[in-house]
Amino acid sequence: MSVDITMPQLSDTMTEGTVVKWYKNEGDRIKEGEKLADVETDKAVMEMEAFTSGVLAARLIAEGGKVPVGARLAVVATGKEDPAQVKSQASAGGAEKAPEPAKKAEPAPGEGTGPATATAVAAPVAVAPSPSASNPVAEDNGRPIRISPLARRIALEKGVDLSLVQGTGPLGRIIERDIAAFMAAPPPAKVTAPVVSPAAIGPGATQVIAMTKMRHAIAKNLVASKQTIPHYYSTIDIDVEELSALRERLNAILESRRIRLSLSDLLARALATALLKHPALNATFDGTNITRYGDVHLGMAVAIPDGLIVPVLRNVNRMGLIEIRQRTADLVERARAQRLKQDEMRGATFSVSNLGAYGLREFSAIINPPQVAVLAIAAAEKRAVVRGGSIVARTMLTLTLSGDHRVVDGADGADFLRTLKGLLEEPGMMLL
Amino acid sequence: MIEEMERDDRVFLIGEEVAQYDGAYKVSRGMLQKFGPQRVVDAPISETAFAGLGIGAATCGLRPIVEFMSWSFTLVCLDQLMNNAANIRYMSGGQIKIPIVFRGVNGIAHQLGATHSHRVQAMYSRVPGLVVVAPSSPYEAKGLLKSAIRCDDPVIFLESEKILADKGEVPDEEYLLPLGVANVERTGSDVTILSYGRPLTRIVRQATEVLVKDHGIDVELIDVRSLRPLDLATILASVRKTHRCVIIDEDWGYCGMGAGILHQIHKPAFDDLDAPIEYIHADDIPVPFSHDLELAMLPSLDGIVSTVNEMFGR
């Protein structure tokens, strides 16, 4: 008998698909499970497997053709029938019938055994802070991943790529402990493992690395940012000698409580004060309206293997230094363990990127929209500076502000930096 | 019963052989002597008649305790229980209360055969207007029965022939156990086991011990106690904590008591579940007379232990 191959529904939102490439010609023998075509959905290009064996009698859609879900793509002769005749009948069948739109490609009655239709190759799942994080329950060989509701919920919260998690529950189901184990020690995954320190590549050799979902999301967001936002950069040197001394004094007092403030904590405190004085920078821009905020939610870029995450320290303007320290430590630790909740990666009104630990003198950062500015924090270091006509050694810190020129002008940015400099060089100003 | 009859002279007991014979299971021993034939009344063998008499008395302001020799026999007086007792308060717009307790032995006892081994809990628990409780210890039986007698709505009180003779600590001083409240018998973190009444005493407590001691599974054991209203708050809090739930019941599975409980849990707890809710119940057959077959149709220790282990992928 002959069996229709129809456009499978490969994602919840897919209504039509494009045949990108056929791997089999008319007349070719095909085997169940063999790669038949590449199909482009609204999200990605996916492989479509044959779900029945036989002879590919007719290809009804040419490469590049776009059809609704459920429309016939090809006809397979599965028995002794003459493929040529099947083809002529199929063609005579005329234009595409599109059955129930939600219908998945299914084997004809009595044919095949599984509902396997396609292999997900790269369904990009946005990672936070993108607000449009989609369902991480990818498909594996066309079958939904078997996972408990609890594990699914935790994976969603933690942004775990389920295709990398090994299920140990009944029937291989992914259960809570598997997510916990994965997060404790992500296994060296498939082909595209994010490697912390990449293995050396031998002379003459090359290594091809497929994009992880996080890499995809980063690439997409940053290209969008750099292509859309006219960045400008303003750099300022700040004398943090007094601030460092203050920090040491406070730390001596806090030692018994085992709290050790970092320069970043003091900086966060000063930023909160400065941003409330310069609301133009403590804002978001959606392309139409600028929203300014009465609180400061500080996004803090945290590097993780093969990517970065930006946890948000909310209401930093309402916090003292100790709370800033404790909350930051908690957020950074959980960010590195990839255990942040979605909510903790959303809603920043301003961001900082701190690469001081790498000893950089200065650098610039890319704005994370819809925010309108980001501050790049380099290393605090002793530098020779002129004070009162003589050269002295002072602890200096260089900050670079990236601003969105569509909504924040250079003078606004400079004014903000001047306020920030004032606060950092005379920390007592924060008390005013 | 004696305490409540001493406390409130509107309370009386009626049923087959409750007076001169001291009760088919000797539950009312000495009560005829103490309270006389006006308040401890032998009824003719007609469940419909004396259940209806009780309901009528309740509408007139008395607080009857109606004893059925077996809940299986109430199949002949369903109209009185499901229609009259359950609905009079509603249909009279709240003007007429039915403060009545129907009590008796329920479920599979020992070789009583298919017609005398019915488990009626699901049948009554699905009826709005009724309260259904099933004690699992002497302490519970007394505390719940006293609350049932003082309840202004009809209470279906499900005892078991096999637990009537159980002995256990009962405080000397008066106490009441609230209706509608489950009892967390053992706290644990790995799996919530829900059961009640006879299955709890027969097998579930024992299985819990085996799971904890031999399999290292930290079981939270909940005695549901009140089948209607169900203490969903306690149950859900537990399931959300342990992420697993097993319901153990001697009712049939299909449309059974446990199925009703399962339906209440699965949606609110769905995102907290790490495994499907398991429902261990009696086989889908008439209750056999043969001792071995009767036992074989009921949840077994091995069955419970292996089902719980499977939930952990073992």
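Helices (H or I, at least four residues) and strands (E, at least two) are taken as DSSP runs and numbered from the N terminus. The model is predicted: local features need pLDDT of at least 70, side-chain atom pairs count only at pLDDT 80 or more, and totals for chains, interfaces and linings use all residues. Residues are numbered from 1 along each chain as its sequence is written, and chains are lettered from A and ligands numbered from 1 in the order in which they are written.

Chain B contains 11 helices and 12 strands. A residue is counted as buried if 20 or more other C-beta atoms lie within 10 Å of its own, as exposed if 12 or fewer do, and as partly exposed in between, with C-beta atoms placed from the backbone. Of the 314 residues in chain B, 50% are buried. Two residues are in contact if their C-beta atoms, placed from the backbone, lie within 7 Å. Of the contacts in chain B between residues at least 6 apart in sequence, 78% link residues at least 24 apart.

Two backbone features of chain B fall in loops on either side of β10. The loop between β9 (219-223) and β10 holds B:R225, a residue other than glycine whose phi is positive, near 60 degrees. B:R225 counts as buried because 25 C-beta neighbours lie inside 10 Å. A cis peptide bond, with omega about -5 degrees, connects B:R228 to B:P229; B:P229 belongs to the loop between β10 (226-228) and α8 (232-242).

Chain A has features of both kinds. Its cis peptide bond is between A:P369 and A:P370, with omega about 10 degrees, and A:P370 is placed in the loop between β19 (350-354) and β20 (373-377). A positive phi of about 55 degrees is found at A:N315, which is not a glycine. A:N315 sits in the loop between β18 (312-313) and α7 (321-336) and is partly exposed, having 14 other C-beta atoms within 10 Å.

Two packed helices are described by the angle between their axes and the distance between the axes. Axes are lines fitted to C-alpha atoms, for helices over the stretch in contact, and angles run from 0 to 180 degrees between N-to-C directions. In chain A, helix α6 (residues 263-277) packs on α7(A) at an angle of about 115 degrees, the axes being 9 Å apart. The contact involves A:D265, A:L266, A:A268 and A:R269 of α6(A), together with A:L321, A:I324, A:R325 and A:T328 of α7(A). Four of the contact residues are nonpolar, one is polar and three are charged; Ala, Val, Leu, Ile, Met, Phe, Trp, Tyr, Cys and Pro count as nonpolar, Asp, Glu, Lys and Arg as charged, and the others, Gly among them, as polar.

Strand β8 (residues 72-77) of chain A is largely enclosed by the rest of the structure, because six of its six residues are buried. Strands pair if DSSP finds at least two bridges between them. β8(A) runs antiparallel to strand β1 (residues 2-6), to which five bridges join it, and A:V3 stands opposite A:V76. Strand β6 (residues 54-59) also pairs with β8(A) in the antiparallel sense, over four bridges, with A:V76 as the bridge partner of A:L56.

Between the chains, the contact takes 10 residues from chain A and nine residues from chain B. On the side of chain A, helix α2 (residues 149-158) gives the most, with four residues. That side consists of five nonpolar, three polar and two charged residues.
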